[in-house]
Amino acid sequence: PALKVDFSGPTATGGTGHYYPGGLPEIIMYDRILRSGELRKVNSYLAVKYGITMANGDSTYLSSDSTIIWDAAANSIYKYSITGIGRDDIEGLSQKQSRNSDTTRLRIAIGLQNVAEDNLSNTGSFSSNLSYLVWGDDNGSAGFTTAVTNNASANYRMSRVWKVQETGVVGTVEVAIPYDVLPNPNQSFLVVSTDAVFDNLDDVYLPLSQTTINGKPHWAAKV
């Protein structure tokens, strides 16, 4: 159903209101106009909670204490499908797992300790307030066309790369990818590196194992 939103005062457009034909999971109301930094905190909270990429990936994300939890300038290459998990007590946020809401793209899921059927079913817990893990990708090809060198167990990797930014203490997470994305799932790995150059100098190859999320098969590894 459509939601009618009426306006009054200087923003009125004829007094007839506007219709919004989408979902409305949450309403946040203030008794004053928020300053730009405050508004960014609210938008960051909503983006993390609902798996939404803010401002086409060009916006920095802030926690309730103004800590930068995703730096848009430093992560400008990885501006696609920005998603996150985190705990922020002032906001009442306890997002223990997530995947981006854009169903037109390849979406990985990341969960605290594991990826459960939904956030409420996830039994993991953040040990510290103001802890976040936010990630985005570089929009590279999802095909396995980039050669891997100096590793006898792998020949090619997916060209797309994800970057994560951790704030506070998050701990172990599970990373899951849809089952049909991998061409050879019996010998596939999650590759973790401290930089964007995968040269086997600081890379860790984590074997993937099969799991089921919401009735659909995935391959997953814990980091």
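Trainee: What covers the buried residues of H1?
Mentor: The cover includes strands E3 (61–62), E4 (68–70), E5, E6, E7 (97–98) and E9. Helices (H or I, at least four residues) and strands (E, at least two) are DSSP runs, numbered from the N terminus. Buried means under 20% relative accessible area, exposed over 50%, and partly exposed in between (1.4 Å probe, protein chains only).
Mentor: Keep in mind that this is a predicted model, where local features need pLDDT of at least 70, side-chain atom pairs count only at pLDDT 80 or more, and totals for chains, interfaces and linings use all residues. Residues are numbered from 1 along each chain as its sequence is written, and side-chain values use heavy atoms, leaving out hydrogens and water.
Trainee: Which are the buried residues of H1?
Mentor: Glu38, Val42, Ser44, Tyr45, Ala47 and Val48. Just after H1 comes Gly51, with a positive phi of about 65 degrees.
Trainee: OK, now the sheet. In what order do its four strands go?
Mentor: E6-E5-E9-E12, as an open sheet with antiparallel pairing. Two strands pair if DSSP finds at least two bridges between them.
Trainee: And why is one side of E6 and of E12 left without a neighbour in the sheet?
Mentor: E6 (93–95) and E12 (162–167) stand at the edges with a single partner strand each, so one side of each has no neighbour there.
Trainee: Where does H1 come in?
Mentor: H1 (residues 36–50) packs on the sheet and touches E5 (80–88), E6 and E9. Contact means heavy atoms within 4.5 Å. The direction of H1 makes about 30 degrees with that of E6; axes are lines fitted to C-alpha atoms, for helices over the stretch in contact, and angles run from 0 to 180 degrees between N-to-C directions.
Trainee: How many bridges join E9 to E12?
Mentor: Six, with E9 covering residues 131–137. Tyr132, for one, has Thr167 in E12 as its bridge partner.
Trainee: Switching topic: how many aromatic pairs are there?
Mentor: Two. Rings of Phe, Tyr and Trp (its six-membered ring) pair if their centres lie within 6.5 Å; planes under 30 degrees apart count as stacked, over 60 as edge-to-face and the rest as tilted. Tyr179 and Trp219 are stacked, 5.3 Å centre to centre with 20 degrees between the planes.
Trainee: Is Trp219 buried or exposed?
Mentor: Buried, with a relative accessible area of 8%, whereas Tyr179 is partly exposed at 32%.
Mentor: Phe189 and Tyr205 form an edge-to-face pair, 5.9 Å centre to centre with 80 degrees between the planes.
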